[in-house]
Amino acid sequence: PLRPGIASSYVTQQVSMLPTSPPTYKALVFGGTGATGKQVLRQLLLSKRCTQVTSIGRRPLEKIVDEDVENGAGSYTEEERQLLQESVENGKLVQHSVAMEEIQDHAELLSGHEVAICCLGTTLKAAGSKENFTHIDHDLVVAAADVTQRAGTRYFAYCSSMGANVDSWFFYPQSKGQTEADLKLCQFPHLSIFRPSLLLTPRPEARILERISQAVVPTLGYIMVGPMRKYRAIETVDVARAM
């Protein structure tokens, strides 16, 4: 369960009602190395109801973790590294190294999964341009959703952002809103869109202003009540649990 006072700091758009929860299920994860995706992966690997987790990405998670340790980045805790290793060894974690640009050609890897969770995303700074941002944050997300739906997945969850609005004058929320709109066209039987506010995460590459925000914003949560409650900062682990 989510901790009191945290659950309402994000908005979930339930496009369609959730199905009756199956006793067990297999899950796909797109973007399992990002701040939220990493927590989603952890929650699924710890879940007794989830019998298999399939991670789709360019490189095996073990290599990413090894590089993290070698570089001293500290993005993965010892507990997380051990969980990933054990999950690979016991077969619960299945990995497919596929470039997301080619995901449409690998539908066979996605079949047999009841659930798909997408945490693909980037920042304008990391993308380098609006065009690259749109390619990663919109095009690849929609492509993943399209092929996943055709592979038979019934439930798709997407991590969007607070303020997403296809009619916004500002690029970031407009782009997120467009992605949401296009996901609805995929016609999943069950689709959930999560719109967290500021994500609290120990991200090593966090910008100076982001670090300041992560230190200050949580203290403002107590005065964010009523309509302002949804703007409370939220930890990535809480978003992952909800998804």
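**Figure 1. Helix H5 passes helix H6 in a right-handed crossing.** Everything shown here belongs to a predicted model, in which local features need pLDDT of at least 70 and side-chain atom pairs count only at pLDDT 80 or more, while totals for chains, interfaces and linings use all residues. Residues are numbered from 1 along each chain as its sequence is written, and side-chain values use heavy atoms, with hydrogens and water left out. Helices (H or I, at least four residues) and strands (E, at least two) are DSSP runs, numbered from the N terminus. A crossing is called right-handed if the near helix is turned clockwise from the far one by less than a right angle, and left-handed if anticlockwise. The axes of H5 (residues 130-150) and H6 (residues 171-184) come within 9 Å and cross at roughly 15 degrees, which makes H5 roughly parallel to H6. Axes are lines fitted to C-alpha atoms, for helices over the stretch in contact, and angles run from 0 to 180 degrees between N-to-C directions. Angles under 35 degrees count as roughly parallel, over 145 as roughly antiparallel, 65 to 115 as roughly perpendicular and the rest as oblique. Residues in the contact (heavy atoms within 4.5 Å) include Phe-133, His-138 and Val-141 of H5 and Phe-171, Tyr-172 and Leu-183 of H6.

**Figure 2. A look along helix H6 and its buried residues.** The expected span is 1.5 Å times one less than the number of residues. Among the buried residues of H6 are Pro-173, Gly-177, Glu-180 and Leu-183. Buried means under 20% relative accessible area, exposed over 50%, and partly exposed in between (1.4 Å probe, protein chains only).

**Figure 3. Helix H3 has its buried residues on one face.** H3 (residues 78-90) has 13 residues and reaches 18 Å from its first C-alpha to its last, close to the 18 Å expected. Glu-80, Leu-83, Leu-84 and Ser-87 are its buried residues. Seen down the axis of H3, they fall within an arc of 95 degrees, so they line one face of the helix; the arc is that of the directions from the helix axis to the C-beta atoms. On the face turned away from this buried side, look for the exposed residues Glu-89 and Asn-90. Gly-91 follows H3 and has a positive phi, near 85 degrees.

**Figure 4. Helices H1 and H3 meet in a left-handed crossing.** Their axes lie 11 Å apart and pack at an angle of about 55 degrees, which makes H1 oblique to H3. From H1, Lys-38, Gln-39, Leu-41, Arg-42, Leu-45 and Leu-46 meet Glu-79, Glu-80, Leu-83, Leu-84 and Ser-87 of H3.

**Figure 5. Two buried serines, Ser-47 and Ser-55.** Ser-47 sits in the loop between H1 (35-46) and S3, with a relative accessible area of 18%. Not counting residues up to four places away in sequence, Ser-47 touches Tyr-25 and Lys-92. Thr-24 is 23 residues from Ser-47 in sequence and 9.7 Å from it in space, C-alpha to C-alpha. Ser-55 belongs to strand S3 (residues 50-57), and its relative accessible area is 6%. Leaving aside neighbours within four places in sequence, the contacts of Ser-55 include Val-29, Leu-41, Leu-93 and His-96.
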